[in-house]
Every structure is written in structure tokens, then in C-alpha cells.
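Try each task yourself before you read the solution.

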Amino acid sequence: MKLTVVEGGAQSVYRFENAELYLGRSIENDLRLNSALVSRRHCRLSVQDGEIWLEDLGSANGTVVNGARITEVPLSGGEVIMVGRTVLRFRILEDGA
């Protein structure tokens, strides 16, 4: 799986293999987003029963997927995720990608 920062942060690609990935302002997160609009622990990507889920963790400014504010949603790949003013694109990597 990978997240690509599209806008609002350093242009970066984050690949991850773990069952969970935490995003937020705190240095304790797997992916740190340094913005006052991002909560300390903002949202989480997790693998549950073979599906990938994105969950907002009660953040002040919410998590938006494809233009809709979410609490928890399954991801299939290609979604645009907004956390604060940072825009990310979620992809599921094919073998060897």
C-alpha cells in the first residue's frame, strides 16, 4: 500500500506493509503531518479481514475521502484523502510495484 502526498506538504511517497498506519501531527505517528489543522493523532489506516479501512480518530477538523467527511470507510485504491490541508492519494501496490 502507499500514500502519495499530492498537495499541502513535501511531495513524498509513503509505502507501508504494517497492519496499521497512524497519521497526525505528533512525532509518535507513522506518518507525521506538521500542520496546526491536523490533530495529534488524526486518523488510522488498518487492514481488517482482508480489507483496508480509514478511520478518523475524533480529529477536530475531520478526515475527508473523495470530498466526503468520514468516520470510517473501506478503501479500494485511488481515493483522495484530505487531512487538514494535506491531500493524499491512496494506492494498493501490485506485486513488484
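**Exercise 1.** In which sense do strand β3 and β4 pair, and over how many bridges?

*Solution.* Keep in mind that this is a predicted model. Start by locating β3, which covers residues 20-24. Next, follow its pairing with β4: the two strands run in the parallel sense, with 2 bridges between them. To see a specific pair, look for leucine 23, which lies opposite leucine 31 of β4.

**Exercise 2.** Which strand is joined to β3 by 4 bridges, and in what sense do the two run?

*Solution.* The strand to find is β5, made of residues 43-48. Its direction relative to β3 is antiparallel, and 4 bridges join the two. For a residue pair, take tyrosine 22: its bridge partner in β5 is arginine 44.

**Exercise 3.** Is β3 mostly covered or mostly open, and what share of the protein's residues is buried?

*Solution.* A residue counts as buried when its relative accessible area is under 20%. By that cut-off, 4 of the 5 residues of β3 are buried, so the strand is mostly covered. For the protein, 38% of the 97 residues are buried.

**Exercise 4.** Describe the protein as a whole: how many helices and strands does it have, and how does its radius of gyration relate to the globule rule?

*Solution.* Begin with the count: there are 0 helices and 11 strands. Now the overall form: the radius of gyration is 12 Å, close to the 13 Å from the globule rule for 97 residues, so the protein is as compact as a globular protein of that length. Along the principal axes, the C-alpha atoms fill a box of roughly 35 × 25 × 25 Å.

Definitions and conventions:
Residues numbered from 1 in each chain as written. Predicted model: local features only at pLDDT ≥ 70, side-chain atom pairs only at ≥ 80, totals over all residues. Heavy atoms only, no water. Rg over C-alpha atoms; globule rule 2.2 N^0.38 Å. Buried < 20%, exposed > 50% of the residue type's maximum accessible area, 1.4 Å probe, protein only. Pairing = 2+ DSSP bridges.
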